[in-house]
Amino acid sequence: MGGGHHGDHDEARPKQASQQAMYDAKLDVAYRDQCAALLIPLNKCRYETMYAPWECGHERHTYEKCQYLEFQKRVAALNQSK
């Protein structure tokens, strides 16, 4: 079914952004998570393209996929704790 975009295979995790990189990118504390290293170039692309919705598609997809996988991990951890 489908293209297997969200399979259970273990993908390479994005490199963790340093505290200084997140500070320099002016990321809000709420967004300083495992996917912050992907959000920094996405926000830079958005700024450079004046938030044109048809631009930065690859960066957005990569960031949203990371967020989805992190959500799945939290749900699995919650289900294990029950």
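Asn43 counts as partly exposed because its relative accessibility is 25% (buried means under 20% relative accessible area, exposed over 50%, partly exposed in between, with a 1.4 Å probe and protein chains only). Asn43 sits in helix α2. The model is predicted: local features need pLDDT of at least 70, side-chain atom pairs count only at pLDDT 80 or more, and totals for chains, interfaces and linings use all residues. Residues are numbered from 1 along each chain as its sequence is written, and side-chain values use heavy atoms, leaving out hydrogens and water.

**The whole chain**

- The protein chain has three helices and zero strands (DSSP runs numbered from the N terminus, with H or I of at least four residues for helices and E of at least two for strands).
- Read from the N terminus, the order of elements is α-α-α.
- Of the chain's 82 residues, 18% count as buried.
- The accessible surface of the chain is about 6,700 Å² (Shrake-Rupley method, 1.4 Å probe; for residues, only the protein chains shown count as cover).
- Carbon and sulfur atoms hold 56% of that surface.
- Take the contacts in the chain with a separation of 6 or more: residues 24 or more positions apart account for 40% of them (contact means heavy atoms within 4.5 Å).

**Helix α2 against helix α3**

- Helix α2 covers residues 36-48, and helix α3 covers residues 57-81.
- They pack at an angle of about 150 degrees, with axes 9 Å apart (axes are lines fitted to C-alpha atoms, for helices over the stretch in contact; angles run from 0 to 180 degrees between N-to-C directions).
- α2 and α3 are therefore roughly antiparallel (angles over 145 degrees; under 35 is roughly parallel, 65 to 115 roughly perpendicular, the rest oblique).
- On the α2 side, Leu38, Leu39, Leu42, Cys45 and Arg46 make the contact. They meet Glu59, Arg60, Thr62, Tyr63 and Cys66 in α3.
- By class, this contact of α2 with α3 has six nonpolar, one polar and three charged residues.
- The C-alpha atoms of Asn43 and Arg60 are 9.2 Å apart, and the two residues are 17 residues apart along the chain.

**Two loop residues with positive phi**

- Most residues other than glycine have a negative phi.
- Lys26 has a positive phi, near 60 degrees. Its place is the loop between α1 (19-24) and α2.
- Lys26 counts as exposed, at 74% relative accessibility.
- Cys56 also has a positive phi, near 65 degrees. Cys56 lies in the loop between α2 and α3.
- Cys56 counts as buried, at 8% relative accessibility.

Technical notes: Nonpolar A, V, L, I, M, F, W, Y, C, P; charged D, E, K, R; others polar.
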